[in-house]
Amino acid sequence: MRYHVRNARGEELVVPSLRDLHDLYVHGFLGDEDLVRADSATRWTRAGALPALHGVRELKADPKKLLVLLGAAIALVLAVALLLGR
């Protein structure tokens, strides 16, 4: 399914798939306030309110959370390695 994107200046872009829409959002070409609608829809929705982009919004909003989780995982692996090494 294709998606139509409209930015604050009124410029529109047709995106060929949800995957491409996701990639544009991840790389910052599509912002939370940009409007999106599917080919089959008549109503525009803010990109920040799209359920399909929900996980991306959380990672963009709080990159520290990802670093904390990564650090905890590394600490857990090191602790297990130390315990098994004895």
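1. Strands E1 and E3 run antiparallel and are joined by four bridges. Strands here are DSSP runs of at least two residues (E), helices are runs of at least four (H or I), and both are numbered from the N terminus. Two strands count as paired if DSSP finds at least two bridges between them. Within this pairing, His4 has Arg37 in E3 as its bridge partner.

2. A word on the source: this is a predicted model, in which local features need pLDDT of at least 70 and side-chain atom pairs count only at pLDDT 80 or more, while totals for chains, interfaces and linings use all residues. Residues are numbered from 1 along each chain as its sequence is written, and side-chain values use heavy atoms, with hydrogens and water left out.

3. In what order do the four strands of the open sheet lie? The order is E2-E1-E3-E4, with antiparallel pairing. Strand E2 (12–15) and strand E4 (45–46) are the edge strands, and each pairs on one side only. In general, strands of a sheet pair through backbone hydrogen bonds, either parallel or antiparallel.

4. On the E2 side, four bridges join E1 to E2, and the two strands run antiparallel. Arg6 has Glu12 in E2 as its bridge partner. The two strands form a hairpin with five residues between them, and Gly10 in the turn has a positive phi of about 90°.

5. On the E4 side, strand E3 (residues 35–38) pairs with E4 in the antiparallel sense over two bridges. Leu35 stands opposite Arg46 in E4, and Val36 stands opposite Thr45 in E4. The hairpin that joins E3 to E4 passes through six residues.

6. Helix H1 (residues 18–26) lies across E1, E2 and E3 and runs at about 130° to E2. The angle is taken between N-to-C directions, from 0 to 180 degrees, with axes fitted to C-alpha atoms, for helices over the stretch in contact.

7. Which residues make up the largest nonpolar core? There are twelve: Tyr3, Val5, Val15, Leu21, Tyr25, Leu30, Val36, Ala38, Ala47, Leu50, Leu53 and Val56. E1, H1 and E3 are the elements that give two or more residues to this core. A nonpolar core is a set of buried Ala, Val, Leu, Ile, Met, Phe, Trp, Tyr and Cys residues joined through side-chain atoms within 4.5 Å.

8. Tyr3 belongs to strand E1 (residues 3–6) and is buried, at a relative accessible area of 15%. Buried means under 20% relative accessible area, exposed means over 50%, and partly exposed is in between (1.4 Å probe, protein chains only). Apart from its neighbours within four places in sequence, Tyr3 is in contact with Leu13, Val14, Val15, Ser17, Leu18, Leu21, Val36, Arg37 and Ala38; contact means heavy atoms within 4.5 Å. The C-alpha atoms of Tyr3 and Ala41 are separated by 9.3 Å, although these residues are 38 residues apart along the chain.

9. Leu21 is another member of the core. Leaving aside neighbours within four places in sequence, the contacts of Leu21 are Tyr3, Val5, Val15, Leu30, Val36 and Leu50.

10. Helix H3 (residues 63–85) has 23 residues and reaches 33 Å from its first C-alpha to its last, close to the expected 33 Å at 1.5 Å a residue. The expected span is 1.5 Å times one less than the number of residues. Of its 23 residues the number buried is zero, so H3 lies largely in the open.

11. The structure holds four salt bridges, each a side-chain nitrogen of Lys or Arg within 4 Å of a carboxyl oxygen of Asp or Glu. In one of them, the side chains of Arg2 and Asp39 meet at 2.9 Å, N to O. Arg2 lies in the segment before E1 and Asp39 in the loop between E3 and E4, so the pair ties together parts that are 37 residues apart in sequence. Arg2 is partly exposed at 42%, and Asp39 is partly exposed at 35%.

12. Glu33 also forms a salt bridge with Arg46, with the closest N and O atoms 3.1 Å apart. Because Glu33 lies in the loop between H1 and E3 and Arg46 in strand E4, this pair ties together parts 13 residues apart in sequence. Glu33 is exposed, at 58% relative accessible area, whereas Arg46 is partly exposed, at 35%.
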